[in-house]
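Hi everyone, thanks for coming. Please keep the picture in view while I talk.

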Amino acid sequence: MNNDNEFRELALLLSKQLEVQKKQLTLETGKTQILVSGELEKLDEVLKQQASLVLSCDGLESRRKQLLAEMELDGLTMRQVLTQSAPQQQNNLENIISELSQVLLQLKKVNARNKKILHCRLSCINQCLSFIGLKDNPLTYDQDGHFNK
């Protein structure tokens with residue numbers, strides 16, 4: 001049987017991952033309006049914040065995998081890991097895993113919506129470029145900064 005301290009650490013790691021993913025969801029939801037409005041400065045700010053969260057999440061995920069390997073539970077799903085914990089810890093772990101799953105599902109939906117918005121904006125830009133005849137002809141300039149035709 002695995003050590004109770006290891007399962008407590010696992011619960012702590014999952015709780016931290018949950019908090020990071022909640023922040024990611026908040027940023028991604030806010031990004032939707034930014035994408036619609038086209039505010040590039042705000043988008044850049046959000047992307048920088050998200051990059052920081054991604055790094056944090058990567059570190060937590062690496063530690064989680066390392067801990068599961070130390071517990072000889074690597075390769076198992078979190079639901080399978082849950083069955084290996086002591087009964088008094090199962091409820092807490094189950095709640096964290098369930099909430100994390102819900103947040104990740106919401107994040108996936110918001111990401112899909114943002115992807116559609118970006119795709120529509122890019123399609124519009126490509127149509128405009130085609131309309132003015134620049135889609136297949138990139139804009140270039142000579143040494144003096146004059147437009148090459």
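Which residues of H2 are buried? In this predicted model, they are Leu43, Val46, Gln50, Leu53, Cys57, Leu60, Arg64, Leu67 and Leu68.

A few words on H2 itself. Helix H2 runs over residues 40–70, which is 31 residues. From first C-alpha to last it reaches 45 Å, close to the 45 Å expected at 1.5 Å a residue. Just after H2, look for glutamate 72, which takes a positive phi of about 60°.

Now for H1 and H2 together. Their axes come within 9 Å and cross at roughly 160°. Angles over 145 degrees count as roughly antiparallel, so that is what we call H1 relative to H2. The crossing of these two helices is left-handed. Sorted by class, the contact of H1 with H2 has 16 nonpolar, 6 polar and 11 charged residues.

H1 has another neighbour to show you. Helix H1, residues 4–37, packs with helix H4, residues 87–131, at an angle of about 25°, and their axes are 9 Å apart. That angle makes H1 roughly parallel to H4. H1 passes H4 in a left-handed crossing. In the contact of H1 with H4 we find 18 nonpolar, 12 polar and 8 charged residues.

Methods: Residues numbered from 1 in each chain as written. Predicted model: local features only at pLDDT ≥ 70, side-chain atom pairs only at ≥ 80, totals over all residues. Heavy atoms only, no water. Axes fitted to C-alpha atoms, helices over the stretch in contact; angles between N-to-C directions. Helix = DSSP H or I, 4+ residues; strand = E, 2+ residues; numbered from the N terminus. Parallel < 35°, antiparallel > 145°, perpendicular 65-115°, else oblique. Left-handed = near helix turned anticlockwise from the far one by under 90°. Nonpolar A, V, L, I, M, F, W, Y, C, P; charged D, E, K, R; others polar. Expected span 1.5 Å × (residues − 1). Buried < 20%, exposed > 50% of the residue type's maximum accessible area, 1.4 Å probe, protein only.
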